Amino acid sequence: MSDDESLPMTKVLVVDDSRMVRATITKHIRGRFDVRDEADGEAGWEALLVDPAIQVVLTDIGMPRLDGFGLLERIRGSRVQRVQDLPVIIISGDEDDEARDRALKLGANDFVAKGASSAELLARLDSLVRLARTRRELDESRAALATQSPLDPVSGLATASYLSHHAEQEMALARRHRADISVMVIDIDHYDQLGEWHGSHVAELITRKLSKILSTKVRREDTVSQLAPSRFAVLSPSTDLIGCCAFALRLQRAMEKLVMTYRDERIRISVTIGVSSSAVDGMQTVEHLIETAAKRVQRGVVAGGNRVVGDQGEVDQAMVDRHLKQAISIDHALLQLRVGAADEVAERLPDVIATLLPLLELIESRLQCGLPLEQLKQYDKGRVSGSDDMEGTQTSV
């Protein structure tokens, strides 16, 4: 499956009446930032109102129509929070200290000389972008805490505190019904290197891509939480180790097929997944299951990454298929239905039918009630089990 979804670069607005200055700055930062340039403060202000993608402003002071001071005053006085909070860097020429002091009092975040090198300019922009993003995420997190939201406002996934609270409830339910509960811990391979090679912006976009895949592919009863920038956990109630491993393999293959392009360079993504289960690793606490799965992730990383690791070591498709072909426990299937895990039973419906078929044949032979035995015998496993809908995608950064 092909996906042309674009992962945009941070957009910078450059405002200067000198075409040469605008061209020089654009040349310095293009490739790391998306650039929009305007020739005076009035045009720059209009751009801010109509282009919500702008995240940083670079402006000169001396300009026609509206100078840099006027533009800065409008930004800080805006009633639109998005505009009011924008980082503003003053492009400093021969202005005196008085002009710099005035700009600082009006709310300028930084100054950069018109002859600054590419490295200096990129460093200033990167620093302000990270600071602005951190402040924005902190404000959103505070708002979420104020409303006691179970979802993280940045990732859209369950918060770590909600995962802990909800997990204990699921564990208690699993103990009561003698059901399984499984955990996946997912790590993005080489995450720190991805940030060093391509910038923190790209690494964060990769994290968001995985968040989106997880939030759309798990069952409604599953809980997904981001534990760290490169690490996620999935809590799956009423799921045994084999079912969890099967999903982990599909996710691992999907990420392996994912290709991202950035500055004409193709970026391959992979994940290492550790799987644990209460039936195998003990019905203690969910924290214990997460810790166990995390240790298996570490073993997978040491072995080279891009793999799924369970209690017996690396998991492959042949191992999962071998276990799935074993006769299903009808008692276990009924238990899953009672706790609301109908989808888990539906995935193995052909095996359920195969196990029950001798009993159904006996019932039909004695009662002649018209059971569709031939239809059940010819049941198409492929149609029920479904195809792997987590195929790789190609994304442009």
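**Exercise 1. Find which parts of the chain the salt bridge between Arg32 and Asp126 links.**

*Solution.* Start with the pair: the side chains of Arg32 and Asp126 meet in a salt bridge, 2.6 Å from N to O. A salt bridge here is a side-chain nitrogen of Lys or Arg within 4 Å of a carboxyl oxygen of Asp or Glu. This is a predicted model, in which local features need pLDDT of at least 70 and side-chain atom pairs count only at pLDDT 80 or more, while totals for chains, interfaces and linings use all residues. Residues are numbered from 1 along each chain as its sequence is written, and side-chain values use heavy atoms, with hydrogens and water left out.

Arg32 sits in the loop between α1 and β2 (34–38), and Asp126 belongs to helix α6, so the pair links distant parts of the chain, 94 residues apart. Helices (H or I, at least four residues) and strands (E, at least two) are DSSP runs, numbered from the N terminus.

Last, look at accessibility. Buried means under 20% relative accessible area, exposed over 50%, and partly exposed in between (1.4 Å probe, protein chains only). Arg32 is partly exposed at 27%, whereas Asp126 is buried at 18%.

**Exercise 2. Work out where Lys114 and its partner Asp16 lie in the chain, and say whether Asp16 is buried or exposed.**

*Solution.* Begin with the distance: the closest N and O atoms of Lys114 and Asp16 are 3.8 Å apart, and the two form a salt bridge. Lys114 is in the loop between β5 (110–113) and α6 (118–146), while Asp16 is in the loop between β1 (11–15) and α1 (19–29); they are 98 residues apart. Now the accessibility: Lys114 is partly exposed, at 36%, and Asp16 is buried, at 0%.

**Exercise 3. Find how far apart Glu120 and Arg124 are in helix α6, then count the salt bridges in the structure.**

*Solution.* Side chains of opposite charge can pair when their charged atoms come close. Glu120 and Arg124 form a salt bridge of 3.0 Å, N to O. Both are in helix α6, 4 residues apart, which means a separation of about one helical turn. Glu120 is partly exposed at 32%, and Arg124 is partly exposed at 24%.

Then widen the view: the structure holds 15 salt bridges. Lys11, Arg36, Glu38 and Asp51 are linked in a network of them.

**Exercise 4. Describe how helices α9 and α10 cross, and sort the residues of their contact.**

*Solution.* First, the geometry. The axes of α9 (residues 200–217) and α10 (residues 241–257) come within 12 Å and cross at roughly 145°. Axes are lines fitted to C-alpha atoms, for helices over the stretch in contact, and angles run from 0 to 180 degrees between N-to-C directions.

Second, the residues. From α9 come Leu210, Ile213, Leu214 and Lys217, and from α10 come Phe247, Leu251 and Met255; contact means heavy atoms within 4.5 Å.

Third, the sorting. The contact has 6 nonpolar residues, no polar ones and 1 charged. Ala, Val, Leu, Ile, Met, Phe, Trp, Tyr, Cys and Pro count as nonpolar, Asp, Glu, Lys and Arg as charged, and the others, Gly among them, as polar.
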